[in-house]
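This briefing is intended to be read alongside the sequence and the 3D view.

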Amino acid sequence: MSVIKCIFNYFKKHRIIFVFTLLVIISVTFLSLVPPQLLKIIVDDLSSSNNISHLWIYALLYMLIFITIGIINFLKEILLVIISQGVGKRIRLEMLTKVNRLSYKNFAEYDYGTLEAYFSNDVEEINTLITSGVISMIIDSFKTVSYTHLRAHETLSDL
């Protein structure tokens with residue numbers, strides 16, 4: 001079974017984690033767009049109006065957004081570890097099932113430690129790829145598209 005199939009099977013079995021993953025991706029993407037917009041409001045609108053009371057409100061909101069982003073990022077990291085461990089366990093079980101089907105003749109072809117390296121090193125690299133690669137890359141691509149869309153929208157509205 002391929003790694004992609006293991007990931008899809010994991011999400012089929014754990015639908016709540018899949019939904020939670022989607023919510024975290026959407027939350028991180030949306031919340032990362034808010035601070036630049038708040039700064040735009042503070043710099044463009046409030047700095048010219050000399051109204052300090054609104055500035056305090058926006059500053060407090062800015063700080064609360066960053067606290068929320070930190071909490072969501074913490075949840076994202078926990079979620080990534082849970083997903084990678086679940087997928088890694090599934091891959092190891094699939095590999096063990098395949099090893100159990102092999103004959104003793106096949107084991108003679110492997111060098112000492114090669115089979116253990118497949119179980120530990122390769123699966124750990126897949127876990128690392130999932131935790132620090134795939135979902136973070138998806139979130140970053142959504143952020144990039146959203147920033148580009150907002151920037152294009154602002155440029156068009158300025159005309």
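T29 counts as buried, because its relative accessibility is 9% and buried means under 20%. The model discussed here is predicted. T29 has its place in helix α2, which covers residues 15–49.

- Leaving aside residues up to four places away in sequence, T29 touches I139, F142, K143 and S146.
- T21 also lies in helix α2.
- The relative accessible area of T21 is 6%, so T21 is buried.
- When residues up to four places away in sequence are not counted, the contacts of T21 are F11, L79, I83 and I135.

**Partly exposed residues**

- L39 is placed in helix α2, and with a relative accessible area of 40% it is partly exposed.
- This class applies because 40% falls between the limits of 20% for buried and 50% for exposed.
- L39 and Y62 are 23 residues apart along the chain, and their C-alpha atoms are separated by 8.3 Å.
- L93 is found in helix α3, where its relative accessibility of 41% makes it partly exposed.
- Between the C-alpha atoms of L93 and F119 the separation is 9.6 Å, while the two residues are 26 apart along the chain.

**Aromatic residues**

- The structure contains three aromatic pairs.
- One of these pairs joins Y10 and F11 in an edge-to-face arrangement, with 5.9 Å from centre to centre and 65 degrees between the planes.
- The pair is called edge-to-face because its angle of 65 degrees is over 60.
- Y10 is buried at 9% relative accessibility, and F11 is buried as well, with a relative accessible area of 15%.
- Together with F18, the residues Y10 and F11 form one aromatic cluster.
- F11 is also among the residues that T21 touches.

**Packing of helices α1 and α3**

- Helix α1 (residues 3–13) packs with helix α3 (residues 52–101) at an angle of about 120 degrees, and their axes are 9 Å apart.

**The chain as a whole**

- How many helices and strands does the protein chain have? Its secondary structure consists of five helices and zero strands.
- In sequence order, the pattern of the protein chain is α-α-α-α-α.
- The protein chain has 159 residues, of which 26% count as buried.
- T29 and T21 are among the buried residues.
- Where residues at least 6 apart in sequence are in contact within the protein chain, 80% of these contacts join residues at least 24 apart.
- The protein chain has an accessible surface of about 11,300 Å², and carbon and sulfur atoms account for 68% of this surface.

Technical notes: Residues numbered from 1 in each chain as written. Predicted model: local features only at pLDDT ≥ 70, side-chain atom pairs only at ≥ 80, totals over all residues. Heavy atoms only, no water. Helix = DSSP H or I, 4+ residues; strand = E, 2+ residues; numbered from the N terminus. Buried < 20%, exposed > 50% of the residue type's maximum accessible area, 1.4 Å probe, protein only. Contact = heavy atoms within 4.5 Å. Areas by Shrake-Rupley, 256 points an atom, 1.4 Å probe, with all protein chains shown as cover. Phe/Tyr/Trp six-rings, centres within 6.5 Å; stacked < 30°, edge-to-face > 60°. Axes fitted to C-alpha atoms, helices over the stretch in contact; angles between N-to-C directions.
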